[in-house]
Amino acid sequence: MMPGQKNSGNLKPKHQRLVLVGLAALAIGGAAALGFSALQDTMTYFYSPSDVQTKGVEPGQSIRLGGLVAANSVQRLPDGLTLAFTVTDTANAVDVRYKGLVPDLFKEGSGVIAEGRFGPDRVFVADSLLAKHDENYMPPEVADSIKRAGEWKPAATPAQPALPATPASRSN
Amino acid sequence: MHRFANPARFLRLARLIQPWTAAAMFACFGVGLYLALVASPIDYLQRDTVRIMYIHVPAAWMAMQTYAVIAVASLVSIVWRHPLADVAARAAAPIGVAFTAICLITGSLWGKPTWGTWWVWDARLTSVLVLLFIYMGYMALWSAFDDRQRAARAAAVLALVGAVNLPIIKFSVDWWNTLHQPASILRRGGPTIDPSMLKPLAVMGLAYLFFFITVLLMRMRADLAAQRLEAAAERRVMAQEVPA
């Protein structure tokens, strides 16, 4: 890439331009990297239950909470409207209450992003729910045979929220 | 590098291969659309909605690939002053806008039934929207100068600066928590798409690629022809002015 190095005092114009473009690319790349690492937290679309623990989210502060709907945790409260479930990232878990329509892909073991805030009792009250799906695509027969073989990925069947951290799978 | 710098040689070559890339495009779209919309299986989770993937994902690939072509052509233009590089970069931009728009629109249509929303400001969706704006700014810059050389220089610099967005788009789903799911194909550990769905996706990807090549060649030939007409008109004006 740099043939003109011996006589760098008098580079050919095109090599001069190449060096210039290279330096500019380094500067822009560096600036972008610095900028984005400073924005790390604000660029994140949602907090996981572990982030909630470590980043100190205040009650009443409006956030998005993302994770997996824990198995056997979804239930309707006696008022018949409120949905109660647990969002987990397999290490930590948060109890959520939500009134309203749920997306089609909302179900136990799959991803969800809840928008809302913590109440004083550390229960997360959601105003809206988004379903998040993972990167796996397959026909139903394939999914069935994987489940039958007992090799369904741990991400789809998370540990119970009460359990301590298991060998963590990707939790978003 | 400069073997194809001669526009006459390029035009001969383009005329020769364009019918073949067009034929390949139509064949791939025919086979690909049949496989994607009729012959491929439904998804275990999304059912028939997954078929949007066969339009959406190749459009996203090509939106980024087209920008990469523009960035490389701009580099060649700035460093080596290759006369065809500007023509190629300028011709590719509207195709890239179309791919990006298809990606955003089909993504929105796909988001509503699966995620429950048309749009969110997560890192992946936002960075692709930024790509659309960079494309539009690039095209606007081209037409903001009367002098073609100066327009080419300014546009090439913008294209190179904008290239910083490409890795951001690609890795946005790994660097930040996003609503958009992580990569399914270009990832460590191999694709997570069943082979019965991967094949139609690959054919559709080829169809988009041949579409890009065909339209790029058409637009480059048209641009070179327009430049020749302009030059001829200028010569005529000069010739008329001299005797008077």
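**Figure 1. Burial and layout of chain A.** In this predicted model, 37% of the 172 residues of chain A count as buried. Chain A holds four helices and six strands. From the N terminus, the order is α-α-α-β-β-β-β-β-β-α. Take the contacts in chain A between residues at least 6 apart in sequence: 51% of them join residues at least 24 apart.

**Figure 2. Strand S1 of chain A and its two partners.** S1(A) covers residues 63–69, and six of its seven residues are buried, so the rest of the structure largely encloses this strand. Strand S5(A), residues 111–118, pairs with S1(A) in the antiparallel sense. Six bridges link these two strands. Look for A:Gly67, which stands opposite A:Val112 of S5(A). Strand S3(A), residues 82–88, also pairs with S1(A) in the antiparallel sense, over two bridges. Here A:Val69 faces A:Val87 of S3(A) across the pairing. In a regular strand, side chains alternate between the two faces of the sheet.

**Figure 3. Strand S6 of chain A, paired in two senses.** S6(A) spans residues 124–132. With strand S4(A), residues 93–99, the pairing is parallel and has three bridges. A:Tyr98 stands opposite A:Ala126 of S6(A). With S5(A), the pairing of S6(A) is antiparallel and has eight bridges. A:Ile113 has A:Leu130 in S6(A) as its bridge partner. S5(A) and S6(A) form a hairpin, with five residues between the strands. In the turn sits A:Arg122, with a positive phi of about 65 degrees.

**Figure 4. Chain B, built on helices.** Chain B has seven helices and zero strands. Along the sequence the pattern reads α-α-α-α-α-α-α. Its C-alpha atoms fill a box of roughly 80 × 35 × 30 Å along the principal axes. Of the 244 residues of chain B, 47% count as buried. Among contacts in chain B between residues at least 6 apart in sequence, 75% join residues at least 24 apart.

**Figure 5. Helices H3 and H4 of chain B packed together.** Two packed helices are described by the angle between their axes and the distance between the axes. For H3(B), residues 83–114, and H4(B), residues 123–142, the angle is about 145 degrees. Their axes lie 9 Å apart. The crossing of H3(B) with H4(B) is left-handed. On the H3(B) side, the contact residues include B:Asp86, B:Ala93, B:Val97 and B:Leu104. Those on the H4(B) side include B:Leu125, B:Leu132, B:Tyr138 and B:Trp142. By class, this contact between H3(B) and H4(B) has 16 nonpolar, two polar and two charged residues.

**Figure 6. The largest nonpolar core, and a second one.** The largest nonpolar core has 56 residues. B:Phe10, B:Met53, B:Tyr67, B:Ile70, B:Tyr138 and B:Met220 touch the most other members. Helices H1 to H7 of chain B each supply at least two residues of this core. H3(B) gives the largest share, 14 residues. Now find B:Ile70. Leaving aside neighbours within four places in sequence, B:Ile70 is in contact with B:Ala89, B:Ala92, B:Ala93, B:Tyr135, B:Tyr138 and B:Ala159. A second, separate core has 18 residues. Among them are A:Val57, A:Phe85, A:Val87 and A:Phe118.

Notes:
Residues are numbered from 1 along each chain as its sequence is written. Chains are lettered from A and ligands numbered from 1 in the order in which they are written. This is a predicted model: local features need pLDDT of at least 70, side-chain atom pairs count only at pLDDT 80 or more; totals for chains, interfaces and linings use all residues. Side-chain values use heavy atoms; hydrogens and water are left out. Buried means under 20% relative accessible area, exposed over 50%, partly exposed in between (1.4 Å probe, protein chains only). Two strands pair if DSSP finds at least two bridges between them. Axes are lines fitted to C-alpha atoms, for helices over the stretch in contact, and angles run from 0 to 180 degrees between N-to-C directions. A crossing is left-handed if the near helix is turned anticlockwise from the far one by less than a right angle, and right-handed if clockwise. Contact means heavy atoms within 4.5 Å. Ala, Val, Leu, Ile, Met, Phe, Trp, Tyr, Cys and Pro count as nonpolar, Asp, Glu, Lys and Arg as charged, and the others, Gly among them, as polar. A nonpolar core is a set of buried Ala, Val, Leu, Ile, Met, Phe, Trp, Tyr and Cys residues joined through side-chain atoms within 4.5 Å.
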